[in-house]
Amino acid sequence: MLVSALRQGASAQRRPAAPVKSNPNAKRRAGAIDSVQWRREHYVVNRDSAFLDPRAGLRTLRGGNRRFVENKSIRPRQDLAALLKVEKKQKPFAVIVGCSDSRVPHEILFDQGLGDLFIVRTAGQVMAAASYGSIEFASLVLGTRLVVVMGHQSCGAVDAALKRPDVPGHIVTLINSIKHAVAESKDQPGDPLDNAIRQNVLDQVEELRDLDPILSRKYKNGEVLIVGAVYRLHDGQVEFLPETLKNLPAFRPAAVSAAEEAPKH
Ligand SMILES: [Zn+2]
């Protein structure tokens, strides 16, 4: 008993102590952070690669969400020093088109920080002209190569489109935008709300891939990756929809298109 208690004590000492786990800064001081092993254990992807290659951007989001789900978020780039680094210029590696729902905080659930995500949020991630312009701005001006349309479980806007209650004001615009997805998914087996949420994302991915004049061209040329995802509230996991990861146009090397997009003097 005593020996095992001592062993436990010794191994507890060898392991990173509890305060280190809850405080990334303490870990940084301890020298453990950013080691190859630490990065592997925390699914960390090189931040520059995430910006230059949308596939690396996807791995970054997947890794960050995995940290969140496994309760080992590292909360990167969330202090004042990180803000000052991006004060003059931002290079978000992903555009997230997501729902306004208070349970869908994108930086938290993807464990990202300042300057990482360019987020367009409306209820049901319904898009209109201002959303399109925002996404085009990120793609054209900021050089962001990854666009993720993300729906979520228990989405009230999709639920409203399913139930079609009488609603006041402009809320009907949300319902009108989503009702097509409800009609498309109504004969699918399974839960009608979950099916409509998924179908809504698939429709919105198509909407952006076909959006003239900027995104449609960039998508066909392999300069921007547009995919869909659904976030589950019951376990925090983001599922990237396989239908949106198939038959993608070949990517152009980032260096080529980055040079072409360089500001002209
Ligand atoms: Zn929602």
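**Entry 1: the sheet.** I began with Ile96, whose bridge partner in strand 2 is Ile119. Strand 1 and strand 2 run parallel and are joined by 5 bridges. For the record, this is a predicted model, in which local features need pLDDT of at least 70 and side-chain atom pairs count only at pLDDT 80 or more, while totals for chains, interfaces and linings use all residues. I also noted that residues are numbered from 1 along each chain as its sequence is written, and that side-chain values use heavy atoms, with hydrogens and water left out.

I then looked up the whole sheet: it is open, has 5 strands in the order 2-1-3-4-5, and its pairing is mixed. Strand 2 and strand 5 are the edges, each pairing on one side only. From one strand to the next the twist averages 25°. My terms here: helices (H or I, at least four residues) and strands (E, at least two) are DSSP runs numbered from the N terminus, and two strands pair if DSSP finds at least two bridges between them. A reminder to myself: strands of a sheet pair through backbone hydrogen bonds, either parallel or antiparallel.

**Entry 2: helices on the sheet.** Which strands does helix 9 touch? I found strand 1, strand 2 and strand 3, with the helix direction at about 165° to that of strand 2. Helix 12 lies across strand 1, strand 3, strand 4 (225-231) and strand 5, and runs at about 165° to strand 4. Axes are lines fitted to C-alpha atoms, for helices over the stretch in contact, and angles run from 0 to 180 degrees between N-to-C directions. Contact means heavy atoms within 4.5 Å.

**Entry 3: the cores.** The largest nonpolar core holds 34 residues, and Val97, Ile135, Val147 and Leu208 touch the most other members. Helix 12 gives the most to this core, with 7 residues. A second, separate core has 20 residues, including Phe93, Ala229, Tyr231 and Phe240. A core here is a set of buried Ala, Val, Leu, Ile, Met, Phe, Trp, Tyr and Cys residues joined through side-chain atoms within 4.5 Å. Buried means under 20% relative accessible area, exposed over 50%, and partly exposed in between (1.4 Å probe, protein chains only).

Setting aside residues up to four places away in sequence, Val147 touches Val95, Val97, Ile135, Leu208, Val224, Leu225, Ile226 and Val227.

**Entry 4: the zinc ion.** Which atoms coordinate the zinc ion? I read off Cys99 (SG), His152 (NE2) and Cys155 (SG), at 2.1 to 2.3 Å. Donors are N, O and S atoms within 2.8 Å of the metal (3.2 Å for Na, K and Ca), and water is not among the atoms, so sites may look incomplete. In sequence the donor residues are spaced C-x52-H-x2-C. Cys99 sits in the loop between strand 1 (94-98) and helix 8 (106-109), and Cys155 in the loop between strand 3 (146-152) and helix 10, 56 residues apart. Both Cys99 and Cys155 are buried.

**Entry 5: aromatics.** I found 1 aromatic pair in the structure. The ring centres of Phe118 and Phe137 are 6.2 Å apart and the planes are at 40°, so the pair is tilted. The cut-offs: rings of Phe, Tyr and Trp (its six-membered ring) pair if their centres lie within 6.5 Å, and planes under 30 degrees apart count as stacked, over 60 as edge-to-face and the rest as tilted. Phe118 belongs to strand 2 (residues 117-121) and Phe137 to helix 9 (residues 129-142), 19 residues apart. Phe118 is buried at 16% relative accessible area, whereas Phe137 is partly exposed at 38%.

Entry 6: Is Asn247 buried or exposed? Asn247 counts as exposed, at 77% relative accessibility. Asn247 is found in the loop between strand 5 and helix 14, and has a positive phi of about 50° although it is not a glycine. Leu248 lies in that loop too, between strand 5 (238-240) and helix 14 (254-261). Leu248 is partly exposed, with a relative accessible area of 26%. Leaving aside neighbours within four places in sequence, Leu248 is in contact with Arg209, Tyr219 and Leu225.

Arg164, in the loop between helix 10 (156-163) and helix 11 (171-185), also has a positive phi, near 50°.
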